[in-house]
Amino acid sequence: MSKRNPLYDFKWCPGCGDFGVKVAIEQALARRTAERSESIEKTVIVAGIGCSGNLVHLQEGPQPFGIHGIHGRTLPVAYGIKTGRPDLNVLVVSGDGDFLSIGAEHIGPQARRNLDVTVVVMDNGIYGLTKGQASPTTNVDVVTSTTRYGKLDEKMNPYLFYLGSGVGYVSSQLSTRVKDLSTAIGDAMDYPGFAVVHVQSPCTTYNDTYALLKGDEKQGIEPLAYPIPDSHDSGDLLAAINLVRGERIPIGQIYRRDSESVPSHERLAKAKEQSGVTQVSVKELMDGMLIS
Amino acid sequence: MSKNLVVRFAGEGGQGVVGGAELMAQAAAQGGYHVLTFSTFPSQIKGGPAWGQARISSDPILTPGDYLDVLVCQNQYAYDTNLADLREGGLVVYNSEEFEIPDNSRAIGIAADRMAREAGNPLASTIIMIGAVAAAAGVSIDALEAFIEKRWTRGRASDAAIIQGNITALRMGVEEARKAGLALEELESPPIHDIPRILIRGFEASALGAMAAGVDSFIGYPISPATTMLVYMEQNLVGQDKFVGQASSEIEAIASIVGAGFAGRKAMTSTAGPGLSLMGEGLGLAWMAEIPLVVVDVQRGGPATGLPTKTEQSDFIMAMNPGHGDMSVPVIAPGNMEEAFWASIAAVNWSERYQGPVILLSEASLAERAQDIPMPDLSKIKSESRTVSGGAMQNRRYAGDGVSPFPVPGGAGAYVANGSEHDEQGDTTHLPDVHVTMTNRRFRKLDVLDDGTYEAENTSADIAVLPWGGSKGSARAAWDALHADGVNVGWYYTMYLNPLPAALLAELKSKKLVLVPELNYMGQLAGHLRSLGVNAEAITQYTGLPFKVSDLQAEISRRVQGQ
């Protein structure tokens, strides 16, 4: 159900972190279109499969284009859109299962291409839509329907994974801090290259990590999330790696490649120009095959 | 005088056997002959049994040729495994440094490598062999020399020396054949051509058709035998607004062309069976979300890795139903070189017209073949593009019970292209009546693909032959021979396999028996035809090689008599 379309038959659970992400994206897009006097139809939201992907149907206000595809393949879809239409603003919304499990193989190629798209990953540490199975980011020892002895596999560190894959822009955010998140998403969309905004977006039904993230003084729980200190040099890859190596989750700009970021479509345009190669018509190509 | 010369160069991969056949074909085409090549090689960079075959004729050519007039062998294994294909009275030319053939009454031994080295032109051993073949088969040596001159005139300082070296090598081969005193019947003079002809390969024809149809995003992943098309596109689709990319997998390739098609581009990928298997889910997305795109499947032997470099026609069922769920993907399968060009255009047009995925079914033997064809009449190209909505439908992209105008991102009419079942705006829904309405809509869209053409001859016969794809040539040659013998069999053929032209299907249904020659075990098209109410029987072969005309002729004759 959505305000725009009462017949739409999907809902997030009350308290789902994804509500905050949705609002942050709406705000960031509203700001972007106003600042650039760009029509909202210039934006495409590419959604994966999972609770997160339904965000594309829940967007309120002026509507961007959307494509809600198949599980794990948001980045390939975005690759086809952006390479064919560099003029479009492409925003990917995905989750920890869609992006970091089935879709993980696509991160490296886009990072190396420096595809100019922004990814918002809603990490709830669980497969929610299929009702509670362990994901790569589920904490160790957590009992789920597919981890009856508690999760035995190591937890994935998505930040290290991004940095190791060559992602040039990594931001870590909380779904509860909507204003910061909206700013981060806007900044990521402005970044000329592949940008990931990784959001801790808890699942209230199967993996409620709000208390863990925020901490609870009464229960003596140290907050898992903490703001990145001003002293962190986000242009320094080694500093970024050191920052994310620990158990806790730093919130803020983890990495922003220091050197100039040239997105893939600009690299290609430049290479074409420098090569001096021009399009030869079908007729000319066939003339080259003439038997004379 | 002979009308035909079939030469096979057999040896190991890396010995230039495929190149030898191609050089021979190019030279003959230059001399005015019709030519057609066929090659088979293992899936490795160097080594392993390989051969290349050139058929040269004063008449138009339908097939690579059943039997060889000349077999050129680089080693004992090549001789042993290819001799069965040499016709009675045919000649062997062999590398006498590698092995000996004791009975030299029909064999010419040449130490071509040593001779080439001694002449200071070690790369010319293949040309020495060609010289011997040409002399023995009565091919004009003057024409070959003219070809060498043209082929190696590349505007470099070294041109003259290379040309002279190769002509010397050619003459050395000619001399060897004369010394041996063996010769075949002389080849008829080449025909006079009044229209310009081109020498083209199958993958080039498919790629040029795609370019002519306006494909502007091509994203593929290397796989035999489809890599050649990806490479051709990378090299030639280079304009400012064109995009060619190498994906990280076939899964990425299909999803990316879904993205490109959604974004308003004419998108295409090329792959082979294993890749098509991986593309199943993505093709379902294109069908479900109604996104135009074309997947070229160059069939090879399967399943799994199968026979990566051999030819087969065993992907028809998968092409029609590449993924789970209710879908029927349009399939076009060209049967020869000229069709390969036009089929690409038809496939893009169909995808744009009905707004969904189309499979272009090629096959190894067709994609790798080189053949001379008349220059296609490019003025006959009709390139279609989807009807763009321009916001006329607002956001109701999926409204109506057939093809509806397509909203292109960046313009008006924002909606969500959705692979989940959806309502008119593209929002997910699970309501039973919506799934019924939308499923009906998706199948009804196929109705606009009603312009498929077909060939029909001797239609009064109650038994007919209907080949598909690359088996067309062998089947046609077999049918021609049977027809000349007075065997009463009808001929039907179409490259539009799904949906079949309605009038063709009606005709086939009226037949007592329809024989379908196809290169697979299951009889895939025959089975499909039976499901449509046609009494179809397959004639199958699954050797990794094309049909021999003589085999088909005998089998069709046997089936007709059995009725």
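Predicted model: local features only at pLDDT ≥ 70, side-chain atom pairs only at ≥ 80, totals over all residues.
## How chains A and B meet, and what chain B is built from

Across the whole interface, 44 residues of chain A are in contact with 57 residues of chain B.

- Helix 3 of chain A and helix 9 of chain B (residues 250–262) pack at about 45 degrees, and their axes are 6 Å apart.
- The crossing of helix 3 of chain A past helix 9 of chain B is right-handed.
- From helix 3 of chain A, the contact uses A:Pro76, A:Val77, A:Ala78, A:Tyr79, A:Gly80, A:Ile81 and A:Gly84.
- Helix 9 of chain B answers with B:Ile251, B:Glu252, B:Ala255, B:Ser256, B:Ile257, B:Val258, B:Gly259, B:Ala260 and B:Phe262.
- Sorted by class, this helix-to-helix contact has 11 nonpolar, 4 polar and 1 charged residues.

**The rest of the A–B interface**

- To recap the totals, the interface puts 44 residues of chain A in contact with 57 of chain B.
- On the chain A side, helix 2 (55–58), strand 2 (65–68), helix 3 (74–84) and helix 11 (282–287) each supply at least two residues.
- Helix 3 of chain A gives the largest share of that side, with 8 residues.

**A five-strand sheet in chain B**

- Chain B has an open sheet of 5 strands in the order 16-18-17-20-21, with mixed pairing.
- Strand 16 (455–457) and strand 21 of chain B are the edge strands, each pairing on one side only.
- On average, and ignoring direction, neighbouring strands of this sheet are turned by 20 degrees against each other.
- Strand 17 (residues 463–465) and strand 18 (residues 490–493) of chain B pair in the parallel sense over 2 bridges, and B:Ala464 stands opposite B:Gly490 in strand 18.
- Strand 20 (residues 513–518) and strand 21 (residues 536–540) of chain B also run parallel, joined by 5 bridges. Here B:Leu515 stands opposite B:Glu537 in strand 21 of chain B.
- To get from strand 20 to strand 21 of chain B, the chain goes through helix 18 (residues 524–531), making a right-handed β-α-β crossover.
- Helix 18 of chain B lies across strand 20 and strand 21 of chain B, at about 150 degrees to strand 20.

**Helix 1 of chain B and its two partners**

- Helix 1 (residues 17–30) and helix 4 (residues 125–137) of chain B cross at roughly 50 degrees, and their axes come within 10 Å. The two helices are therefore oblique to each other.
- Helix 1 of chain B passes helix 4 of chain B in a right-handed crossing.
- In that contact, B:Gly19, B:Gly20, B:Leu23 and B:Met24 of helix 1 meet B:Thr126, B:Met129 and B:Ile130 of helix 4. By class, the contact of helix 1 with helix 4 of chain B has 4 nonpolar, 3 polar and no charged residues.
- With helix 5 of chain B (residues 141–151), helix 1 of chain B crosses at roughly 105 degrees, the axes coming within 9 Å. These two helices are therefore roughly perpendicular.
- B:Gln26, B:Ala27 and B:Gln30 of helix 1 meet B:Ala143, B:Leu144, B:Phe147 and B:Lys150 of helix 5. This contact of helix 1 with helix 5 of chain B counts 4 nonpolar, 2 polar and 1 charged residues.

**Backbone details**

- Most residues other than glycine have a negative phi, and most peptide bonds are trans.
- B:Ser224 and B:Pro225 are joined by a cis peptide bond, with omega about -5 degrees. B:Pro225 lies in the loop between strand 8 (217–220) and helix 8 (227–236) of chain B.
- Another cis peptide bond joins B:Asn498 and B:Pro499, with omega about -5 degrees. B:Pro499 is in the loop between strand 19 (496–498) and helix 17 (502–509) of chain B.
- A:Asn114 is a residue other than glycine with a positive phi, near 60 degrees. A:Asn114 is in the loop between helix 5 (107–113) and strand 4 (118–123) of chain A.

Methods
Residues numbered from 1 in each chain as written. Chains lettered and ligands numbered in written order. Contact = placed C-beta atoms within 7 Å. Helix = DSSP H or I, 4+ residues; strand = E, 2+ residues; numbered from the N terminus. Axes fitted to C-alpha atoms, helices over the stretch in contact; angles between N-to-C directions. Left-handed = near helix turned anticlockwise from the far one by under 90°. Nonpolar A, V, L, I, M, F, W, Y, C, P; charged D, E, K, R; others polar. Pairing = 2+ DSSP bridges. Right-handed = clockwise from strand over helix to strand, strands pointing away. Parallel < 35°, antiparallel > 145°, perpendicular 65-115°, else oblique.
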